[in-house]
Every structure is written in C-alpha cells, then in structure tokens.
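Please look through the sequence and the model shown below before reading on.

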Amino acid sequence: MSVIPFDQRDGVIWFDGKLVPWKEAKVHVLTHGLHYGSCIFEGERAYDGVIYKCTEHSQRLHKSAEIMDFTIPYSVAEIDAAKYLCLKENGLKDAYVRPVAWRGSEMMAVSGMNNTIHTAIAVWEWPSMFDMAQKLKGVRLDLAEYRRPDPACAPVHAKAAGLYMICSLSKHKAERAGYADAMMLDWEGNVAECTGANIFFIKDGVIHTPLADRFLNGITRQSVIDLCKKRGFEVVERRIRPEEMAGFSECFITGSAAEVTLVSEIGPYKFTTGNMGKVIMEDYSDEVRQGARAAA
C-alpha cells in the first residue's frame with residue numbers, strides 16, 4: 001500500500017455533488033464532525049469494477065444518518081451512482097470505497113442541528129488488509145482493554161466515527177505488542193467483535209458468532225452467514241463468554257477491509273487454520289467477484 005499521505009494523492013473525490021481534485025477536497029478546522037463526532041461513513045470494496053453490496057452500503061449510510069439525527073441530501077441511488085463515477089474517473093476497478101457524511105461549520109457547539117450536512121466519496125487502491133499468506137496462516141489478535149459500549153449509552157447500530165475512537169486505541173496497543181488486531185468484549189464481558197471486523201468461531205462443525213444486537217451487524221458478516229448456510233453449515237448466533245474460546249477449534253474474522261481472514265491466536269487462546277475456515281474464505285472470494293462476472 002502506498003505511503004503517500006491521503007491529503008497529497010492524485011485523482012478526484014466526489015464532494016457535495018461534484019468531482020473535485022483530490023488535494024482540494026478539504027473541510028475547515030472548525031467543523032462540527034471533527035469536534036463532536038457528528039460523522040458517519042461506510043467501508044466498501046470494488047472487485048473488477050463492481051462494488052460489492054453497493055446499494056446495501058448506501059442504505060446503511062442513510063440509516064446511520066437517521067440514527068445520528070441528520071439527513072443525507074442525496075438519495076441511495078445518487079450515492080450509488082457517485083461511487084461508480086469515482087471509480088471511473090480515478091481509473092480503478094479493484095478499490096476500497098469510502099463514503100462519508102458529516103455536520104459542517106455553521107455552529108461550533110454541542111448542538112449543530114442547523115449545520116449543513118456534507119457528503120463525500122473517495123476511492124483508492126487498497127489490497128486486502130492481510131495478504132493471502134497471512135490469511136491462510138492466521139493472524140494473531142490481542143485482547144482489548146476497552147469494551148464495546150452499552151446500546152443504552154451510545155448509538156451502536158450506526159457506523160459512526162466517534163464509536164471508533166476506542167477501536168483505534170485498542171488496535172494501536174495490539175500492534176505495538178506485535179499483534180495484527182484486538183478482539184473486544186461487550187460491556188457485560190461477552191465476546192463482541194474486533195476493532196473493525198466481526199468474529200466467528202468453529203467447534204465440532206458448528207459455527208458460532210456473537211449476536212449482533214450490541215454492535216454493528218456487518219454487511220460482510222451477513223454475507224458470510226448466508227454463504228455458510230448455503231454450504232449446509234450450522235450457524236449459531238449467541239452470547240459467547242471469553243473462556244469458551246478454549247474449546248473452539250477454528251476462528252475467523254470478516255469485514256470489507258479484512259474480507260475473510262483466519263485467526264491463529266487470541267491472547268492465550270490458540271486455533272488451527274482448518275479446512276472449514278478455508279472453504280468459507282474461498283466461498284467469499286467467489287461471491288464478491290460473481291457480480292463482476294455477471295456484468296461482463
């Protein structure tokens with residue numbers, strides 16, 4: 001992945017309804033979204049020119065805005081079209097896609113009800129978060145110190161920027177300790193998710209995953225559950241206590257950035273990178289490129 005800072009790259013970004021040169025897509029330092037976290041976003045991937053679950057992501061962006069008490073001034077169809085325009089104008093077919101919406105600068109206080117809602121979409125070349133060798137070997141995860149918040153205390157079903165503050169802190173600490181990421185518990189001490197991916201475990205041929213009612217129900221997570229059921233694999237969504245990890249044989253994580261990645265270790269718990277996880281990884285790889293083949 002390029003080490004060029006993101007504000008110094010070439011290309012174009014869709015910003016409030018029009019394409020602007022990449023380096024000119026700027027906001028003021030006194031922006032409500034920066035100071036008060038009134039910002040939402042999506043993370044998506046395009047494969048061979050087709051954005052996987054494009055409309056579902058645009059619909060979730062709108063839902064996140066609703067939860068965060070603002071309205072995106074562009075329809076789902078307009079957001080979809082803008083994403084594809086960005087791909088075309090930047091000459092990319094395999095890319096990461098980042099829509100984002102935030103409150104602007106009219107009022108700099110906790111209340112920003114009348115601030116303009118801005119929307120932008122950027123696309124860039126970004127291979128999978130982990131290379132294939134890492135995915136097959138299995139990444140190592142730390143146990144995060146911070147926990148996912150109680151849904152009574154935060155809008156946990158929105159993909160809201162402010163919710164990722166503890167994720168960044170947890171991932172930084174994990175990386176300093178030599179891990180690839182960190183697994184987080186919920187506020188009651190149950191297994192929740194990683195800092196940017198959902199998590200699955202396998203035991204005796206049955207797939208177990210935390211019930212997604214206390215954190216974001218990832219679109220990749222939902223896709224993988226569907227793929228597992230098509231395979232005839234039993235999927236159980238439930239509360240999982242951390243001590244149960246000692247009895248699971250396999251583990252994998254899912255997300256637009258991570259795709260499907262096998263896990264070899266979570267803190268003191270070890271897992272094998274078995275055939276079941278590899279089959280799910282292959283099924284997902286086939287699934288995301290199926291739309292491109294159909295469009296060809």
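**Salt bridges, cores and surface**

Arg 238 is partly exposed, with a relative accessible area of 22%, where buried means under 20% relative accessible area, exposed over 50%, and partly exposed in between (1.4 Å probe, protein chains only). Glu 244 is likewise partly exposed, at a relative accessible area of 28%, and its side chain meets that of Arg 238 in a salt bridge with an N to O distance of 2.8 Å. A salt bridge here is a side-chain nitrogen of Lys or Arg within 4 Å of a carboxyl oxygen of Asp or Glu. Salt bridges with shared partners also join Glu 44, Asp 80 and Lys 83 into one network.

This is a predicted model, in which local features need pLDDT of at least 70 and side-chain atom pairs count only at pLDDT 80 or more, while totals for chains, interfaces and linings use all residues. Residues are numbered from 1 along each chain as its sequence is written, and side-chain values use heavy atoms, with hydrogens and water left out.

The structure holds 21 salt bridges. One of them is formed by the side chains of Asp 94 and Arg 289, at 3.2 Å from N to O; because Asp 94 lies in the loop between H3 and S6 and Arg 289 in helix H7 (residues 275–295), this pair ties together parts that are 195 residues apart in sequence. Helices (H or I, at least four residues) and strands (E, at least two) are DSSP runs, numbered from the N terminus. Asp 94 counts as partly exposed at 36% relative accessibility, and so does Arg 289 at 29%. Arg 148 forms a salt bridge with Glu 193, with the closest N and O atoms 3.1 Å apart, and both Arg 148 and Glu 193 are buried.

The C-alpha atom of Trp 14 is separated by 6.6 Å from that of Ala 122, although the two residues are 108 residues apart along the chain. Leaving aside neighbours within four places in sequence, the residues in contact with Trp 14 include Leu 19, Tyr 74, Ile 79 and Ile 121, contact meaning heavy atoms within 4.5 Å.

The largest nonpolar core has 27 residues, and Trp 14, Ile 40, Phe 70, Ile 72, Leu 87 and Ile 121 are those with the most contacts inside it. Such a core is a set of buried Ala, Val, Leu, Ile, Met, Phe, Trp, Tyr and Cys residues joined through side-chain atoms within 4.5 Å. Two or more residues of this core come from each of helix H2 (54–67), helix H3 (76–89), strand S6 (95–103) and strand S7 (117–124), and H3 gives the most, with four residues. Apart from this core lies another, of 20 residues, among them Phe 130, Leu 141, Leu 185 and Val 263.

In helix H6, the buried residues include Ile 219, Val 224, Ile 225 and Leu 227. Just after H6, Gly 232 takes a positive phi of about 90°.
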